[in-house]
Amino acid sequence: MERNLCKIVLTLSITVFVGACLFSCEENRQASVISYDNIPAPDHNKMDLLKVELGRKLFFDPSLSKDSTVSCAHCHQANYGFGENVSLSTQGVSHKPLLRNSPTIINIAWAKGWFWDGGAKNIESLIFGPLTHEDEMGVDLKLLMRNINASAYYKKEFKSAFGIDKVYSAHLARALAQYVRTLISNQSKYDLYLEGRYQFSEKEALGYQLFQKNCNSCHQEPFFTDFGYHNNGLDNTFSDDHEGINKGRGRITRVDEDLLKYKTPTLRNIFATAPYMHDGRFNSINEVLNHYEKEIKHFPTLDSTLINGIQLDASEREYMLAFLETLMDSSFLELN
Amino acid sequence: MKQILLLLLFSSFLIGCDTYKETFDAAGTGELTIKLNLLHDDDSLTYNKEYINALSQNYTISDFRFYLSNIVLRDTSATNYFKIPESYHLIEMIDKADTSIVLTGLPNHAFSELEFSIGVDNAANYSTDQVGDLDPANGMAWNWDTGYKFMLTEGLRLIDDVNTKGLVYHIGGDANYRTVKFSGKEIYLNKNNKQEIVLDVHVDFIFGDKKEALKPEDQRNTNFIDFNNDTDQDTMFGPNTQLIADNYAQMFEWKEIFVK
């Protein structure tokens with residue numbers, strides 16, 4: 001164990017060193033940050049093509065659910081930015097509405113916490129949430145692993161990807177985590193603009209300026225999220241129900257400073273990812289902009305940038321929408 | 001600059017390995033069994049039997065599990081110790097109220113202290129894609145807030161003759177990790193390589209040791225837990241759960257060690 005640790009430390013050191021060199025050569029171009037070449041992954045689950053491919057098969061396989069009817073892809077659909085077009089999904093095995101909106105899966109390899117409240121500390125651990133939640137895929141892990149080990153197909157797949165004869169839930173989570181890390185959106189007009197291959201129209205350019213002035217503090221480029229947690233003025237009450245799910249980030253950190261905060265969602269592919277917010281309460285971007293303009297609810301944790309709301313006149317709204325349109329990535333949405 | 005960085009990295013790597021050698025004892029043929037007797041009121045823990053806590057509240061237990069982890073053996077020199085690698089043991093009652101951990105490949109050395117922890121250290125607690133006793137298929141991992149339940153106690157609270165309420169304590173979180181030590185013991189794996197330690201586990205102490213009922217509160221070793229406090233703050237990770245963690249750190253009693 002300790003000897004392995006030394007090896008890991010050495011490997012890490014070299015990686016950091018090489019990484020540092022590459023970084024300085026690369027001139028830190030924003031566009032290159034979001035790339036298949038530098039997907040962050042934990043040391044015990046380094047990116048590997050065979051594992052990604054196995055993860056993709058698992059992602060679309062409904063036999064992972066309790067009654068073999070629901071796959072990950074039911075609530076994470078490519079054309080909706082790997083999210084869903086309903087506020088609260090009823091596609092789980094119980095068909096009871098979930099308590100939060102199915103989040104998009106866009107460039108989440110770079111996130112710092114997962115789920116709307118960051119309760120999952122890494123993607124591998126996250127996987128067990130939707131897999132086992134009684135209103136999502138509802139599977140019993142022991143039973144699932146028995147079935148996977150009884151499947152000649154999956155036995156072979158896991159053997160070639162991981163070199164193992166017996167499959168454990170950890171391997172399942174690792175393969176799925178690898179696949180979702182490859183769900184990368186970096187082919188929008190905005191990305192082309194960064195590479196100098198696209199010129200913003202006048203409206204888009206004006207919208208970009210408005211965006212940088214009003215939105216960029218949370219929806220930071222190039223991910224269009226800071227992967228942080230903020231109270232954007234949706235509510236000013238909460239309860240202890242369902243393990244305090246509507247306390248937001250506060251139910252995870254268990255400090256009052258984080259009450260009603262949720263992870264900033266990305267604006268990439270925004271027109272494909274309606275409805276909006278952690279509970280899908282807004283159906284359109286206009287409703288979202290109305291909220292920021294005049295519906296902010298005050299609470300001690302409200303983000304300081306939103307105390308006076310965000311006011312845009314009709315033409316500014318038009319420019320903003322024009323800019324947001326440049327964040328659409330049709331190849332990611334598999335619309336081509 | 002880059003050379004300095006490289007040098008720094010390599011030296012930290014070398015230092016890391018050196019520290020390790022200092023405390024390393026070569027593995028040997030030592031074999032130690034740790035037998036845990038799960039007790040309630042000094043009698044074998046029995047599921048679904050009516051019990052009374054230190055505050056005279058009635059309850060039953062239908063499921064009891066906890067992680068015993070990071071077993072370390074120390075000698076009297078206080079510098080040499082042997083840390084069992086990958087030491088995570090899910091203790092649960094299956095069919096009978098005793099269960100054993102068998103450790104093999106231990107150094108043939110004279111040890112005087114047994115140390116272990118209840119819970120999962122943060123290095124392992126922050127990622128649940130693990131195998132062995134930490135496999136989330138064992139039902140001890142949270143799926144919405146990454147980490148393990150260090151101790152799980154489930155049953156029923158018997159409010160009166162007709163009314164019952166679920167009794168659910170899933171205690172976890174870094175603040176509830178506890179370490180227990182038994183010092184001044186003769187764990188002489190140099191003389192006899194196969195030995196067994198017997199520990200009593202007073203499961204009832206989790207809610208307070210009834211024998212301390214007559215003592216003033218500030219002189220008790222255990223905290224008396226009131227079942228009426230049953231919000232998430234009391235039963236999962238809140239500050240009140242540390243009272244229970246302090247209690248489970250008290251529930252172990254060294255009975256004996258013998259040569260097998």
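**Exercise 1. Find which residues line the largest cavity, and classify them.**

Solution. Start with the search rule. A cavity is a set of points on a 1 Å grid over the protein atoms alone, where a 1.4 Å probe fits but cannot get out; lining residues have an atom within 4 Å of a point. The lining consists of A:Asn231, A:Asn232, A:Gly233, A:Leu234, A:Asp235, A:Leu260, A:Tyr262 and A:His278. Next, sort them: 3 are nonpolar, 4 polar and 1 charged. Here Ala, Val, Leu, Ile, Met, Phe, Trp, Tyr, Cys and Pro count as nonpolar, Asp, Glu, Lys and Arg as charged, the others, Gly among them, as polar. Last, the volume, meaning the space filled by probe spheres set on the points: about 50 Å³.

The model is predicted: local features need pLDDT of at least 70, side-chain atom pairs count only at pLDDT 80 or more, and totals for chains, interfaces and linings use all residues. Residues are numbered from 1 along each chain as written, chains are lettered from A and ligands numbered from 1 in written order, and side-chain values use heavy atoms, without hydrogens and water.

**Exercise 2. Describe the contact between domain 1 and domain 2 of chain A.**

Solution. Contact (heavy atoms within 4.5 Å) takes 27 residues from domain 1 and 26 residues from domain 2.

**Exercise 3. Locate the salt bridge across this interface.**

Solution. Apply the rule: a Lys or Arg side-chain nitrogen within 4 Å of an Asp or Glu carboxyl oxygen. It finds 1 salt bridge. A:Asp117 pairs with A:Arg251 in a salt bridge, with the closest N and O atoms 3.0 Å apart.

How values were computed
On a 1 Å grid over the protein atoms alone, a cavity is a set of points where a 1.4 Å probe fits but cannot get out, and a pocket is an open set with protein on both sides within 12 Å along at least five of seven lines; lining residues have an atom within 4 Å of a point.
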